[in-house]
Amino acid sequence: KMSNQKLMVCKSNKVIEAGYKLNLNEQRLILLCISKVNSTKPLLASERFEVTAKEFAEKFKINEDKAYQTLKETAEQLFERYVIIDNPDPDMPTLKQTKTRWISSIDYIPDMGKVSVYFAQRMLPYLSQLKGSFTFYILENISDMNSIYAIRLYELLMQWKTTGKREIEIDWLKKQFELDASYERMDNLKRRIIEP
């Protein structure tokens, strides 16, 4: 995309509603990479998405001195993370869930202060040639958010921006956000997730 254009995140609603837990920098890195995908064209597993430490620091107001180290550590953690997508294929109603990693590999280029990531094969259909139900928003809209749950809630609400209203079951939210037992109490959920 042109440098003066705002980076746009486009995701299948299956991924927005998927079950996963990422820390803040992991979420930022995956969203920055997704914003570099051309969602109207086929995406190949061989396509790499470069992120420089400078870009990562600027987009998310991270200390530039530690930006490459943060980026490298974040990519390594992201490599271990997975996402669970419910009812992934409407043509296969018996297939109830798919569990996949977000990324399949990372290239490190320390001399240039950057990493390249490659999306996992099973993630590709949810990020490119998007038809049917998908959601898009400007990456900048979440760049100041410091809560992993704020970003997830924002995405869930953006799915319904045309209707302006959405009802979500608390139990479903807990499951999709992979919340632990400390969130059983409603006041904890309100204070630590919904209000921020």
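**Touring the pocket, the cavity and the helices**

Student: Which residues line the largest pocket?
Tutor: Keep in mind that we're looking at a predicted model. The largest pocket holds about 260 Å³ of space. Its lining is made up of Ser12, Lys14, Pro88, Pro90, Pro125, Tyr126, Ser128, Gln129, Leu130, Lys131 and Ser133.

Student: How many cavities of 30 Å³ or more does a search of the whole structure find, and what volume does the largest cavity have?
Tutor: Unlike a pocket, a cavity is a space that the probe cannot get out of. Searching the whole structure turns up 1 cavity of 30 Å³ or more. The volume of the largest cavity is about 50 Å³.

Student: Where does the largest share of the lining of the largest cavity come from?
Tutor: The lining consists of Tyr20, Lys21, Leu22, Gln27, Ile148, Tyr149, Arg152 and Phe177. By class, that gives 5 nonpolar, 1 polar and 2 charged residues. The largest share is 3 residues, and the element they come from is helix 5 (residues 148-158).

Student: How many Å apart are the end C-alpha atoms of helix 4?
Tutor: Helix 4 covers residues 67-80, which is 14 residues. At 1.5 Å a residue, the helix should span 20 Å. The model agrees with that, since the end C-alpha atoms are apart by 20 Å.

Student: Within what arc do the buried residues of helix 4 fall?
Tutor: Buried here means under 20% relative accessible area, and in helix 4 that picks out Ala67, Tyr68, Thr70, Leu71, Thr74, Ala75 and Leu78. Looking down the axis, you'd see that they line one face of helix 4, because they fall within an arc of 155°. An α-helix has 3.6 residues a turn, so residues three or four places apart point the same way. The arc asked for, then, is 155°.

Student: What covers the buried residues of helix 4?
Tutor: Helices and strands both take part in the cover. The helices include helix 2 (24-34) and helix 3 (53-60). The strands include strand 2 (49-52), strand 5 (103-109) and strand 6 (114-119).

Student: And what covers the buried residues of helix 3?
Tutor: In helix 3, the residues tucked away are Ala53, Glu55, Phe56, Ala57 and Phe60. Their cover includes helix 2, strand 2 and helix 4.

Student: Is lysine 61 buried or exposed?
Tutor: Lysine 61 sits in the loop between helix 3 and helix 4. Its phi is positive, about 55°, although lysine 61 is not a glycine. With 60% relative accessibility against a cut-off of over 50%, lysine 61 counts as exposed.

Student: What does asparagine 87 count as at its relative accessibility?
Tutor: Asparagine 87 belongs to the loop between strand 3 (82-86) and strand 4 (97-101). It is another non-glycine residue with a positive phi, near 40°. At 39% relative accessibility, asparagine 87 counts as partly exposed.

Student: What does valine 37 count as at its relative accessibility?
Tutor: You'll find valine 37 in the loop between helix 2 and strand 2. Its C-alpha atom is separated by 8.1 Å from that of phenylalanine 49, 12 residues apart along the chain. With 3% relative accessibility, valine 37 counts as buried.

Student: Which residues is glutamate 50 in contact with, leaving aside its neighbours within four places in sequence?
Tutor: Glutamate 50 lies in strand 2 and is partly exposed, with a relative accessible area of 28%. Contact needs heavy atoms within 4.5 Å. Neighbours within four places aside, the partners of glutamate 50 are Lys36, Glu55, Lys114, Val115 and Ser116.

Student: What covers the buried residues of helix 7?
Tutor: The buried residues of helix 7 (residues 186-194) are Asn188, Leu189 and Ile193. Seen down the axis, they fall within an arc of 95°, so they line one face of helix 7. Their cover includes helix 5 and helix 6 (170-176).

Terms used
Residues are numbered from 1 along each chain as its sequence is written. This is a predicted model: local features need pLDDT of at least 70, side-chain atom pairs count only at pLDDT 80 or more; totals for chains, interfaces and linings use all residues. Side-chain values use heavy atoms; hydrogens and water are left out. Helices (H or I, at least four residues) and strands (E, at least two) are DSSP runs, numbered from the N terminus. The expected span of a helix is 1.5 Å times one less than its number of residues. Buried means under 20% relative accessible area, exposed over 50%, partly exposed in between (1.4 Å probe, protein chains only). The arc is that of the directions from the helix axis to the C-beta atoms. On a 1 Å grid over the protein atoms alone, a cavity is a set of points where a 1.4 Å probe fits but cannot get out, and a pocket is an open set with protein on both sides within 12 Å along at least five of seven lines; lining residues have an atom within 4 Å of a point. Grid points are joined across faces, edges and corners, and a volume is the space filled by probe spheres set on the points. Ala, Val, Leu, Ile, Met, Phe, Trp, Tyr, Cys and Pro count as nonpolar, Asp, Glu, Lys and Arg as charged, and the others, Gly among them, as polar.
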